[in-house]
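Good morning, and thank you for coming. Please look at the sequence and the structure on the screen while I speak.

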Amino acid sequence: MRNLQKAKAFINGDHSSNNILRNKSYVASLGKQNFEAHAWAGDFMNLYQELVETQGFSNAFGMYNVEELYRNSSVSSTLDFTNTSAVLNIDYTMSNAMAKHAKAMYNGKMNKDFFKYFNQDKMLGYMSVNASTEGLLTEYPKLMKSMFANSTNNEMATVIPLGADLLSVFLDEEAVGELVRGDMLFVVNDIAKKQVTYTTYDYDENYNRIPIEKTKEETVPDFIFMATSNGESIFNKLMNIAVKENEMTVDNGIYKFNTPRSVPVNVYAMHAKGVLFFATSKDQLLAIRNGSFKGSVSGDHKKILAKILLRHMLTVKI
């Protein structure tokens, strides 16, 4: 009943004073650029408080220390199209408390060798992450402790910080960071149609199951994923275990996942030149390992990948 009254008051009210264009924070988020669509959330705490009151979870504020972590947090997102690309930009403003944790988690550097392993003229798009695995493992327990530090729930106030401390004790953050440093790049080279063979079943008059082999056309991606890693020996040990269990096969140092026939794409793995690779093209991985692959990336893309913590870029070929 209360929600219905609020809805009626909102519909019948005068909202000219609440015009979004009067909000300075929102207007600032627009900038001077042209774009096709824009989304903006000005204050996470207002949204959270409204949700909590609507759902009747009034004690949640005492359980979590959300106000300190998310005070004055906002997000602004724009979507822009050109003749050949679609670009989604997201700007996230966070509180000083959250920024301290995030800075340690995303204090990563993109491996410049990644630029040698893909050709921008043959790609559809990419996604990159510049994070620090060591920073994530070190800072996340601290984040959990700060979130429940002043909890009114005595059990959670005790158990969560204790669990965070135990996690830090058992994890060797530096060693795990050596295995996967935290900078990653995923590149989609192409999307193609492929004939896939699969098995379905029918039944005869005696209800015996009869396998029937059929074919269908699937849309499959051609991609390569790269992550900086100094854990080649650990990688090879894990892959060799998978080979013994018939989960993978190996040829010329390239491991292939034994995927079901219904999966329309082959996935290969390799560790070379301090980089962990997963790709759909065995030839591309062989060329990278042999030093014959010729990458081509413009300076603009290199700057974008080097500076931004999380980046998506989609190019549409016309």
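Predicted model: local features only at pLDDT ≥ 70, side-chain atom pairs only at ≥ 80, totals over all residues.

The terms are as follows: buried means under 20% relative accessible area, exposed means over 50%, and partly exposed lies in between, with a 1.4 Å probe and protein chains only. The side chain of Asp113 meets that of Lys116 in a salt bridge, at 3.2 Å from N to O. A salt bridge here is a side-chain nitrogen of Lys or Arg within 4 Å of a carboxyl oxygen of Asp or Glu. Lys116 is also partly exposed, because its relative accessibility is 48%.

Residues are numbered from 1 along each chain as its sequence is written, and side-chain values use heavy atoms, with hydrogens and water left out. The pLDDT is the predictor's confidence in each residue, from 0 to 100. The protein chain averages 75, and 67% of the residues score at least 70. Over residues 312–318, pLDDT stays under 50.

Let us return to the salt bridges, of which the count is three. In general, side chains of opposite charge can pair when their charged atoms come close. Arg181 pairs with Asp183, with the closest N and O atoms 2.8 Å apart. Is Asp183 buried or exposed? Asp183 is buried, because its relative accessible area is 1%, whereas Arg181, at 37%, counts as partly exposed. The remaining pair is Asp251 and Lys282, whose side chains meet at 2.6 Å, N to O. This pair links distant parts of the chain: Asp251 is in strand 7 (residues 248–251) and Lys282 is in helix 11, 31 residues apart. Helices (H or I, at least four residues) and strands (E, at least two) are DSSP runs, numbered from the N terminus. The protein chain has twelve helices and eleven strands.

Just after the helix, Gly291 takes a positive phi of about 80°.

Leu285 also belongs to the largest nonpolar core, which has 23 residues. A nonpolar core is a set of buried Ala, Val, Leu, Ile, Met, Phe, Trp, Tyr and Cys residues joined through side-chain atoms within 4.5 Å. Phe118, Leu185, Val187, Ile224, Met226, Phe277 and Leu285 touch the most other members. Strand 5, strand 6, strand 9, strand 10 and helix 11 each supply at least two residues of this core. A second, separate core of seven residues includes Phe235 and Tyr255. In soluble globular proteins, nonpolar side chains tend to be buried together.

Finally, buried residues make up 31% of the 318 residues in the protein chain. Thank you for your attention.

Conventions:
Contact = heavy atoms within 4.5 Å.
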